[in-house]
Amino acid sequence: MNKLKVIILAGGQGTRMKSKIPKVLHKVLDRTMIDYVIEASNDINADDIMVIVGHQSAMVKAVLGSDIKYRYQKQQLGTGHAVMQALDFIEDDENILILYGDTPLIKKETLEKLVRIHKKERNYATVISSYVDNPTGYGRIVRENGIFDKIVEQKDTNDREAKINEINTGVYIFNSNALKTALNNLSNNNSQNEYYLTDTLELIKNTGNKVGIMVADDNEEFLGVNSKYELATAIKVMKNRINKHHMDNGITIEDPDSTYIGKDVVIGEDTVILPGCIIEGKTTIGSDCIIGPYARITSTEIKDCVNIAQSTVLSSYINSYTTVGPYAYIRPNSKIGEHVKIGDFVEIKNSTIDDNTKISHLTYVGDSDVGKNVNFGCGTVTVNYDGKHKHRTIIEDDAFIGCNTNLIAPVRIEKNASTGAGSTITKDVPQNALAISRVKDQVNKLDYNTKK
Ligand code: UD1
Ligand code: CA
């Protein structure tokens, strides 16, 4: 069996994006464009993958991590020049699949089909083409008597070629020997003075070796993102694809247009997603939940029958039958139990909240461990920061925290203890006790306002 290797080009600057960030790092939903291309390459069980980096390579490498093989293209002299940087990676008698890092919508099934056709037709190179309404910007596939002749880049087209609406998708597979020979003979004699990878196909054809064309079934998949407008188009396509997958699995999405779900998100049956939600990262949501409207949930595990309205939840865990929001903010590393109520304008950070606890309004709970059946009055604040260090607040089961209590951490409210409304608690409160700390007697200055 010939090895299948993948080379992904990600060296270009992406001038047309008008951005400080290298093009392939722009995000389609919660992932970078190149991430999707790498995932598709992994999904077809390629023997090896290499990414060509160049422009802002350090940033690209930092994002992609050290598990990936790289070659550095010092100057961006074209897509053919980029592949030349990987010559030592290309061995004899292999199949080399080349992908561009700016085509995030590519599907694994399509790549598998390309490999199949390439082998079956015994081609030396096979390119995926696509018929589009507006070919502007893409390389055109020129055929002679129906078979591959050459690819002409937009900037090099004559009037006749410019009208061709069969375009080069930028997805190719090569016989490694043919590719190497062609790269050695590549010139940059064109309007952009670049070494075009697209020219290698013509060179291969000219040596009498067969170049095949696989016409794509679905041209949406090959959108090359060169501008912010095209990025928005890619996001739209990816979003619809992911939303459809969830709807097919029994999830109700009321308004798919305004629902943004990342590719790694898992959602259980009969969960309803109301309009305006962004659900991303490694989030899992159980069955029968109601999410939204307008919730942002990132990398959080949510069990069954949970409701989250108009709230932000980051890197946390929420157990079944709990309700969150409207307007709650659950910050990272929070663990919330079953049947808990996190109400309006409540912020939870780095805390555990055990079952049946109610934190209904206007409260901040940070760096705290809260037991079961605790009731928070409106306006409670855990005072966790002394200006230098963070301290924990412990509230044991069945405690009752009066409205507007300040809990100066480190502090412990023991089981079944209460605090009086308006208290500032600086000392631990023993089991079953009521702690009150506020002026002893209310003073009423009679007729105070009438004398003025
Ligand atoms: C390319 C194709 C065009 C095709 C289109 C499909 C060539 C010459 N043209 O055009 O036929 O229709 O893609 O989307 O290949 N890159 C490098 N180093 C370089 C230049 C580019 O790594 O020196 C990388 C870029 O980062 C990008 C990819 O190659 O990921 C494609 O480059 P881009 O400039 O976007 O090519 P297009 O003009 O879109
Ligand atoms: Ca492109």
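1. The largest nonpolar core of this predicted model has 58 residues. Those with the most contacts inside this core are Ile279, Ile291, Ile308, Ile318, Ile342, Ile395 and Ile413. At least two core residues each are supplied by helix 1 (33-43), helix 8 (228-248), strand 27 (341-349), strand 29 (358-366) and strand 36 (411-413). Helix 8 makes the largest share, with five residues. In soluble globular proteins, nonpolar side chains tend to be buried together.

2. As to secondary structure, the protein chain contains 39 strands and eight helices. Among its contacts between residues at least 6 apart in sequence, 40% join residues at least 24 apart.

3. The overall dimensions deserve attention. The radius of gyration of the protein chain is 30 Å, whereas a compact globule of 452 residues would have a value near 22 Å. Along the principal axes, the C-alpha atoms fill a box of roughly 105 × 55 × 45 Å.

4. On burial and surface, 49% of the 452 residues of the protein chain count as buried. The accessible surface of the chain is about 21700 Å², and carbon and sulfur atoms account for 48% of that area.

5. Where does Cys277 lie? The residue is placed in the loop between strand 15 (272-273) and strand 16 (278-280). Is Cys277 buried or exposed? Its relative accessibility is 0%, and because buried means under 20%, Cys277 counts as buried. Not counting residues up to four places away in sequence, Cys277 touches Ser258, Thr259, Tyr260, Ile291, Gly292, Pro293, Tyr294 and Ala295. One of these, Ile291, is also listed among the core residues with the most contacts. Ser258 stands 19 residues from Cys277 along the chain, and their C-alpha atoms are separated by 7.0 Å.

6. Asp304 is likewise a loop residue, located between strand 20 (301-302) and strand 21 (307-308). Its relative accessible area is 35%, so Asp304 is classed as partly exposed, a class that lies between the limits of 20% and 50%. Apart from neighbours within four places in sequence, Asp304 is in contact with Gly286, Ser287, Cys289, Ser320 and Tyr321. The C-alpha atoms of Asp304 and Thr126 are separated by 48 Å, and these two residues are 178 residues apart along the chain.

Technical notes:
Residues numbered from 1 in each chain as written. Chains lettered and ligands numbered in written order. Predicted model: local features only at pLDDT ≥ 70, side-chain atom pairs only at ≥ 80, totals over all residues. Heavy atoms only, no water. Helix = DSSP H or I, 4+ residues; strand = E, 2+ residues; numbered from the N terminus. Rg over C-alpha atoms; globule rule 2.2 N^0.38 Å. Buried < 20%, exposed > 50% of the residue type's maximum accessible area, 1.4 Å probe, protein only. Contact = heavy atoms within 4.5 Å. Areas by Shrake-Rupley, 256 points an atom, 1.4 Å probe, with all protein chains shown as cover. Core = buried A, V, L, I, M, F, W, Y, C linked by side-chain atoms within 4.5 Å.
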